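Colleague: I would like to learn how to read the packing of helices in a model, and then how to go on to domains and to the surroundings of a ligand. Could we work through an example together?

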Amino acid sequence: MEATISMKTATNTPTSLVSLQSIHSRPKFTFFKPNPLGISMAQNLPLSIRAQKSELKEAAAGISESDALKVKEWEVGMFQDEVAASQGIRIRRRPPTGPPLHYVGPFEFRLQNEGNTPRNILEEIVWHKDVEVSQLKGRTPLLLLKKALESAPPVRDFIGALKAANLQTGLPGLIAEVKKASPSRGILREDFDPVEIAKAYEKGGAACLSVLTDRKYFQGGFENLEKIRNSGVKCPLLCKEFVIDAWQIYYARTKGADAILLIAAVLPDLDIQYMTKICKMVGLTALVEVHDEREMDRVLGIDGIELIGINNRNLETFEVDISNTKKLLQGERGRRIQERGIIVVGESGLFTPSDIAYVQEAGVKAVLVGESIVKQSDPTKGIAGLFGKDISC
Ligand SMILES: O=C(O)c1ccccc1NCC(=O)[C@H](O)[C@H](O)COP(=O)(O)O
């Protein structure tokens, strides 16, 4: 279906449209670049419009540098999903035909179709995040964030803490997750006090903490990350987010994160490459998460990866299977990981000492655990139960 274009008044005309119109004097060039509110999408433009791209390029010659940059951004946005699909990524960054809201005159109506309905929960989260991040960026531009980095709390060594715990206990270092709810499990803990839980985890021997910052789907927030960071808890903190834009990396650092999650099911190779570099620039550790062999092979093809998480949960179906960790570490992949000194984290669905032993046997040096410990009335005891012994020393 062709993109349906909705514009109520000149005041809500997407800025990208305005800028492209200013490049072109002729009205037929009414291009719709993906914009912060997803009002219209370029990815699925009909071929006739795509063909005009070269014409646009020609017209762009001689325009100002900032307008030329906007044309480039438009081109990149246009092919984003095609590039992702060629790497086996099924998650589309934005609804290809725009959101289901449409306006005719003063009326607003919903028209649901394949192009504006998310195929699964991960895609829904990503589409929502895209709008959320665009709005946040509008309020705090990157330039301001970069300035704020100067007063951010110092970075702690995330991988160092995991290695030290592994050496000390002979067990995988624990990344304990501060999570109130999740799409698959609903509310995990009604009496949710993030700082109290973080302190209980630290007391129980957690090496690092993972803090959910997504509000809509996990009932988390950046205020939780900040509060934990300012509470005196010493464990390095992972910002558990759905990163789709480098801006979020800077933002997480200003809020006191020491590490951040990058999900290979969402991010094409170039994004992972570019984002891991930005992480290094600002001092953050990147935990790059994979779920299947293809994602693992893509990530192993990228230089500078130090920490890989294998998620046992399929984020599209919610199916959990801890043998996934073993499957992805077998044979050549496991050897390459060892050779390169990459630390692997086993993630999701770990409930018992035998689950921990199973993923350790498979080759992980760390585990990321949420549900099984956050649900315990005393999370400190929950950690001892998970490992079958007290790991605080
Ligand atoms: O858990 C979900 O429902 C979920 C849905 C969509 C995207 C991500 C999701 N979870 C993130 C995680 O995988 C877990 O928070 C993490 O690995 C800990 O898992 P668990 O120990 O099983 O709580």
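Modeller: Let us begin with one contact, keeping in mind that this is a predicted model: Ile249, Tyr250 and Arg253 in H9 meet Met275, Ile278, Cys279 and Val282 in H10. Sorted by class, the residues of this contact of H9 with H10 comprise six nonpolar, no polar and one charged.

Colleague: Beyond the list of residues, what describes two packed helices?

Modeller: In general, two packed helices are described by the angle between their axes and by the distance between those axes. Here helix H9, residues 247-254, packs with helix H10, residues 269-282, at an angle of about 25 degrees, and their axes are 10 Å apart. Because angles under 35 degrees count as roughly parallel, H9 is roughly parallel to H10. The crossing of H9 and H10 is right-handed.

Colleague: At what angle do helix H7 and helix H8 pack, and how far apart are their axes?

Modeller: Helix H7, residues 194-204, and helix H8, residues 222-230, pack at an angle of about 50 degrees, with 9 Å between their axes. H7 and H8 are therefore oblique to each other, and the crossing in which H7 passes H8 is right-handed. On the H7 side the contact is made by Pro194, Val195 and Ala198, and on the H8 side by Asn224, Lys227 and Ile228; by class, the contact of H7 with H8 has four nonpolar residues, one polar and one charged.

Colleague: H7 also packs with helix H16, so I would like to apply the reading again: is the crossing of H7 and H16 left-handed or right-handed?

Modeller: The crossing of H7 and H16 is right-handed. H7 and helix H16, which spans residues 379-387, pack at an angle of about 40 degrees, with their axes 7 Å apart, and that angle makes H7 oblique to H16. In this contact, Ile197, Ala200, Tyr201, Lys203 and Gly204 in H7 meet Pro379, Thr380, Ile383 and Ala384 in H16, and the classes are six nonpolar, two polar and one charged.

Colleague: Moving to the domains, which does the assignment give, and how many residues of each are in contact?

Modeller: The domain assignment of the protein chain gives domain 1 as 10-117 and domain 2 as 144-387. Seven residues of domain 1 are in contact with seven residues of domain 2, and the side of domain 1 that touches domain 2 has four nonpolar residues, two polar and one charged.

Colleague: Finally, which residues come nearest to the ligand?

Modeller: Of the 20 residues around the ligand, those that come nearest are Ser182, Ser184, Ser348, Gly370 and Glu371. Helix H4 (121-139), strand E12 (366-369) and helix H15 (371-374) are the elements that give two or more residues to the shell around the ligand. By class, that shell divides into eight nonpolar, seven polar and five charged residues.

Technical notes: Residues are numbered from 1 along each chain as its sequence is written. This is a predicted model: local features need pLDDT of at least 70, side-chain atom pairs count only at pLDDT 80 or more; totals for chains, interfaces and linings use all residues. Domain bounds come from an automatic or database domain assignment. Two residues are in contact if their C-beta atoms, placed from the backbone, lie within 7 Å. Ala, Val, Leu, Ile, Met, Phe, Trp, Tyr, Cys and Pro count as nonpolar, Asp, Glu, Lys and Arg as charged, and the others, Gly among them, as polar. Axes are lines fitted to C-alpha atoms, for helices over the stretch in contact, and angles run from 0 to 180 degrees between N-to-C directions. Helices (H or I, at least four residues) and strands (E, at least two) are DSSP runs, numbered from the N terminus. Angles under 35 degrees count as roughly parallel, over 145 as roughly antiparallel, 65 to 115 as roughly perpendicular and the rest as oblique. A crossing is left-handed if the near helix is turned anticlockwise from the far one by less than a right angle, and right-handed if clockwise. A residue is near a molecule or strand if its C-beta atom, placed from the backbone, lies within 6 Å of it.
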